[in-house]
Protein chains: 2
Amino acid sequence: MDERAEAAKKAALLMIPYGLYVLGTVDGDQIGAATVNWVTQTSFKPPLLAIGVKKDSHSYAHLKANGAFALSFLESGQKDLAFSFFKPSKVEGDTVNGHRFERHQTGAPVIAAAAAWVEGRTVGEVDLGDHACVVVEVTNAAKHRDARILTLEECGVKYGG
Amino acid sequence: MDERAEAAKKAALLMIPYGLYVLGTVDGDQIGAATVNWVTQTSFKPPLLAIGVKKDSHSYAHLKANGAFALSFLESGQKDLAFSFFKPSKVEGDTVNGHRFERHQTGAPVIAAAAAWVEGRTVGEVDLGDHACVVVEVTNAAKHRDARILTLEECGVKYGG
């Protein structure tokens, strides 16, 4: 791409709206909890999501070793919570990075303070870039309250382009 | 999933924010232009997007026959334009469903009134549901103006769950 197209590509891709989620993963006695925003549904039946997962992350290593995933849906106002999962995961008792987590059917950690969560397993991926497009099937979910999702825009953060 | 989990899954997935785009496709002398919302970036280098594409659609058939795609980014206020591409694609001269289109490097149609567009080719897919998760690489783009993207929320439409 020439410079003009490159700049246009960046500007266009930054128009895509994103919510914020904590991706919970597990491998043996290790758990991971990382904030992600590249998420879309890709099927109703079965319910599938595509998640862009950084290739050099613990989350991705966990998903490759053990396909279990959980996605905790953050609520407007939970910016600090979101930012705490940009750091490496540190577990102390039933907390990760200071936030209580739970484990349900898959063993992947769910952030207890989230408005809602879904969990399930990896069913496929397209692994062609710096992030893999991981496709997961949702097999369990819970909703704690009606909430507006926390967005990248609310956080004043850009991740895309 | 039991009923409670099914309802929670639906509610959670409907929290995901979505923009609206016209997916342009081409196969021989046929072109397709269909409004989609299941879009996320999934890599910076190369720039990849995942798009949920209905399996029984002309768009999907075109993408399988000829991997070229274009994604026109709609702007706040362009609800009528978005809705006109829920209908089958009808080409008359240089218009499709009444809206002027252009073709650039890939041959896939771009809606001239869109705020920005990207185009490129299909590079992979995960085909496991009623929609396929099609991964595309962006190889060209243009931006016509700064704009807020048209969202599903602005249109009062839900597509997810």
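Visitor: How many disulfides does a search of the whole structure find?

Guide: The search finds zero disulfides over all chains, a disulfide being a pair of cysteine sulfur atoms within 2.5 Å. This is a predicted model, in which local features need pLDDT of at least 70 and side-chain atom pairs count only at pLDDT 80 or more, whereas totals for chains, interfaces and linings use all residues. Residues are numbered from 1 along each chain as its sequence is written, chains are lettered from A and ligands numbered from 1 in the order in which they are written, and side-chain values use heavy atoms, with hydrogens and water left out.

Visitor: What is the mean pLDDT of chain A?

Guide: The mean for chain A is 97, and 100% of its residues reach 70 or more, on a scale that expresses the predictor's confidence in each residue from 0 to 100. The model as a whole scores ipTM 0.97 and pTM 0.98.

Visitor: Why does Cys155(A) count as buried?

Guide: The term buried means under 20% relative accessible area, with exposed meaning over 50% and partly exposed in between (1.4 Å probe, protein chains only). Cys155(A) has a relative accessibility of 5% and therefore counts as buried, and Cys155(B), with a relative accessible area of 5%, is buried too.

Visitor: What makes Thr106(B) a buried or an exposed residue?

Guide: Thr106(B) has a relative accessible area of 18% and is therefore buried, although its place is in the loop between strand S8 (99–103) and strand S9 (109–111) of chain B. Beyond its neighbours within four places in sequence, Thr106(B) is in contact with Val26(B), Ala68(B), Phe69(B), Glu119(B) and Gly120(B).

Visitor: What makes the pairing of Thr106(B) with Glu119(B) a polar contact?

Guide: A polar contact is a pair of N or O atoms within 3.5 Å; within protein, one must be able to donate a hydrogen and the other to accept it, and residues adjacent in sequence count only if both atoms are side-chain atoms. The side chains of Thr106(B) and Glu119(B) make such a contact at 2.6 Å.

Visitor: How do you know where the buried residues of H1(A) fall around its axis?

Guide: Helices (H or I, at least four residues) and strands (E, at least two) are DSSP runs, numbered from the N terminus, and in H1 of chain A (residues 3–13) the buried residues are Ala5(A), Ala8(A), Lys9(A), Ala12(A) and Leu13(A). Seen down the axis, they fall within an arc of 120°, so they line one face of the helix, the arc being that of the directions from the helix axis to the C-beta atoms. The face turned away from that side carries the exposed residues Glu3(A) and Arg4(A).

Visitor: Which strands do the buried residues of H1(A) pack against?

Guide: They pack against S3 (39–43), S4 (48–54), S5 (68–73), S10 (116–126) and S11 (131–143), strands of chain B. For H1(B), what covers the buried residues includes S3 (39–43), S4 (48–54), S5 (68–73), S10 (116–126) and S11 (131–143) of chain A.

Visitor: Why is S1(B) described as largely enclosed?

Guide: Six of the seven residues of S1(B) are buried, so the rest of the structure largely encloses this strand. Strand S2 (residues 30–36) of chain B is mostly covered, with six of its seven residues buried.

Visitor: What joins strand S1 of chain B to S2(B)?

Guide: Two strands pair if DSSP finds at least two bridges between them, and S1 (residues 21–27) and S2(B), which run antiparallel, are joined by seven bridges; Val22(B) stands opposite Thr35(B) in S2(B). These two strands form a hairpin with two residues between them, and Gly28(B) in the turn has a positive phi of about 60°. S1(B) is also joined to S5(B), antiparallel, by five bridges, with Leu71(B) in S5(B) as the bridge partner of Leu23(B).

Visitor: What makes S6 and S9 of chain A edge strands?

Guide: In chain A, an open sheet of four strands has the order S6-S7-S8-S9 with antiparallel pairing, and S6 (91–92) and S9 (109–111) are its edge strands, each pairing on one side only. S8 (residues 99–103) and S9(A) pair over three bridges, where Val110(A) is the bridge partner of Glu102(A).

Definitions and conventions:
Contact = heavy atoms within 4.5 Å.
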